Structures are given as C-alpha cells and as structure tokens.
Amino acid sequence: MTEETGKPLCEAVDCIDWVAACFEYYGEVARSSYGIRCRRSRPTNSTSRSRSPSGSSQRSWPFNFPLLLMAWKVAPAIAAGNTVVCKPPHQNPLSNLKLAEVYDLLPAGVVNVLTGAADTATALVEHPDVDLIAFTGSNAVGRKIAAAAGAQLKKVNLELGSIDPFIVFKDADLDVAVPGVAWARLLNAGQVCTSSKRIYVERPIAAEFTERMHKYVALLKVGKPHGARHGHRSADFARSGAAGRRPGLRAR
C-alpha cells in the first residue's frame, strides 16, 4: 500500500490492523445475525424478526483508503449472506488484488474483484443482476449512481463528500488542540472525507492558536513514505497524550 499510494508506512500498517479487526468483528456478527425474538404483546403471541440477504451487491470506493474502505463494505455484506462484486479504485488497485488472494478461502463467487475505471463502475451499477450498490466518493458520482439505481429500484448506500468543522474553544488546552487540528486536517494529505475543512477558533485565543499552528506545521517533514517519522505523527503529538485518544495514532 505504501509503494502504491505513497501513504506513510506507519499509516499503512494501521490500515491493515483496522482491516483485520473489521473482518474479525463481522465474522462474530455473522454468528448471531439470523434474527431475534421480539417482546410478546400478549402471552399467547410469539413474534420473531429475521434477516435475509439482499442478493448480489456491488461495492466501489476511492483511492485514499484502498483496503480499509473495502473492508467496511465487504465484511458486513458477506456476513449478511450477500455475494459481492468489488471494484477497487482504478488509481491503486494492486493492494486489493493482493488481498483478494484470501477470498479463495470462501466459496467460489462469494467475493469477486473487477478492476476498471468509470465505465466499469457504470456497467456494474446498471447490471440487472446487481441488487444492492454501496459507494464511497464524490457527490457528483453519487447523484449519477442514485439516478441509475432508482430507475431499477435498487437499494443504494452512499457515503459522499462533506465539510466538517473543527471548533476550538477559548478554554481548550492548545498543547492538545494544535496537533489535534493538524491531525484532523492533514491526515493522508487532507484527502479524507471526514477531514476538517473549516477551523473555528474563539477570538480570545485565535492569535495564539494561529501562531502555534504555524510553528507546528513548519516542523512537519515531507520525505519517503517508508520513513517511520515522516508524516505528522510528531513526538510532540505523542507526548501531548492526544495519540492515546485517537484510533490508529501511536507514539513512535
């Protein structure tokens, strides 16, 4: 993943940990996902609720987290009994093709990987045998998928772009807030759907916050992604204690 995407090695390792955790979690969910017995409305009544697969599902996602976004889509789908056709991002499909080797442990046809660009995704969305579509990406593409799926009354799950605010109040601990804002805005070069696009700081601390942020960002180093200290997981962030409160951040 580091070779293919340029993601710092420490972040790529974290992603692999999250992928494994995702499959382990939904593997356990699948053990008890058949249904539940509901509360009785009368002593003589017995009501249960069951779950059934949707059928064949198509999953596609962007380049920024090529394996993690795949896991979030594929693991719950197969845990619910669906078959899956994956279309990894055309910019960096190789890590997904490598991971696809483990799908050989499943029955043939349960998880399938099909590479390609927009035309491939369109063909899958419009294919009559695809019952459910899950997509992570831009609003523009999401609208096209929703329109195409609506024509066939297909179920759709869309995770689209957003603009997330980060608010720093005047009583904030700036030793934590400054690196925290940098992490929220600059992780993965800012190419994250939940990245904080706007920073709101209360006036009494705005000047100090801005000065500290300038100094902090100036210390960040750009280098080869295999370097353990490259990126923005600085020693200052680790010492601040913020690393322990954010998933995937480790003192290195």
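User: In which helix does Ala118 lie?

Analyst: The model considered here is a predicted one. Within this model, the stretch of residues 118-126 forms a helix, and Ala118 belongs to that stretch. The helix that holds Ala118 is H5.

User: Is Ala118 buried or exposed?

Analyst: A residue counts as exposed if its relative accessible area is over 50%. Ala118 has a relative accessibility of 56%. Ala118 is therefore exposed.

User: What distance separates the C-alpha atoms of Ala118 and Val141?

Analyst: Along the chain, Ala118 and Val141 are 23 residues apart.

User: Are helices H2 and H3 roughly parallel or roughly antiparallel to each other?

Analyst: Helix H2 covers residues 9-29 and helix H3 covers residues 68-79; their axes lie 9 Å apart, at an angle of about 10°. Angles under 35 degrees count as roughly parallel. H2 and H3 are therefore roughly parallel.

User: Which residues of H2 make the contact with H3?

Analyst: On the side of H3, the contact involves residues including Leu68, Trp72, Ala75 and Ile78. On the side of H2, the residues are Trp18, Val19, Cys22, Phe23 and Tyr26.

User: Which residues is Ile78 in contact with, leaving aside its neighbours within four places in sequence?

Analyst: Ile78 lies in helix H3 and is partly exposed, with a relative accessible area of 25%. Its C-alpha atom is 7.5 Å from that of Val110, although Ile78 and Val110 are 32 residues apart along the chain. With the sequence neighbours set aside, the contacts of Ile78 are Phe23, Val84, Leu106, Val110 and Val111.

User: What kind of aromatic pair do Tyr25 and Tyr26 form?

Analyst: The count for the protein comes to 1 aromatic pair. In the pair of Tyr25 and Tyr26, the ring centres are 5.0 Å apart and the planes are at 85° to each other. Planes over 60 degrees apart count as edge-to-face. The pair of Tyr25 and Tyr26 is thus edge-to-face.

User: Which residue lies over the face of Phe65?

Analyst: The position is described relative to the centre of the Phe65 ring, at a distance of 4.1 Å. The residue that lies over this face is Lys7.

User: Is the crossing of H7 and H8 right-handed or left-handed?

Analyst: Helix H7 spans residues 174-186 and helix H8 spans residues 203-218; their axes come within 10 Å and cross at roughly 60°. That angle makes H7 oblique to H8. Residues that meet there include Val178 and Val181 of H7, and Phe209 and Met213 of H8. The crossing is right-handed.

User: Which residues is Ala184 in contact with, leaving aside its neighbours within four places in sequence?

Analyst: Ala184 lies in helix H7 and is buried, with a relative accessible area of 14%. The C-alpha atoms of Ala184 and Ser196 are separated by 5.6 Å, while the two residues are 12 apart along the chain. Apart from its sequence neighbours, Ala184 is in contact with Phe166, Ser195 and Ser196.

User: What is the phi of Asn188, which is not a glycine?

Analyst: Most residues other than glycine have a negative phi. Asn188 is located in the loop between H7 and strand S9, and is buried at a relative accessible area of 11%. Its phi is positive, at about 55°.

User: What is the phi of Ala189?

Analyst: Ala189 lies in the loop between H7 and S9. At 65% relative accessibility, this residue counts as exposed. Ala189 is not a glycine, yet its phi is positive, at about 60°.

Methods:
Residues are numbered from 1 along each chain as its sequence is written. This is a predicted model: local features need pLDDT of at least 70, side-chain atom pairs count only at pLDDT 80 or more; totals for chains, interfaces and linings use all residues. Side-chain values use heavy atoms; hydrogens and water are left out. Rings of Phe, Tyr and Trp (its six-membered ring) pair if their centres lie within 6.5 Å; planes under 30 degrees apart count as stacked, over 60 as edge-to-face and the rest as tilted. A charge sits over a ring if NZ of Lys or CZ of Arg is within 6 Å of the ring centre and within 35 degrees of the ring normal. Axes are lines fitted to C-alpha atoms, for helices over the stretch in contact, and angles run from 0 to 180 degrees between N-to-C directions. Helices (H or I, at least four residues) and strands (E, at least two) are DSSP runs, numbered from the N terminus. Angles under 35 degrees count as roughly parallel, over 145 as roughly antiparallel, 65 to 115 as roughly perpendicular and the rest as oblique. A crossing is left-handed if the near helix is turned anticlockwise from the far one by less than a right angle, and right-handed if clockwise. Contact means heavy atoms within 4.5 Å. Buried means under 20% relative accessible area, exposed over 50%, partly exposed in between (1.4 Å probe, protein chains only).
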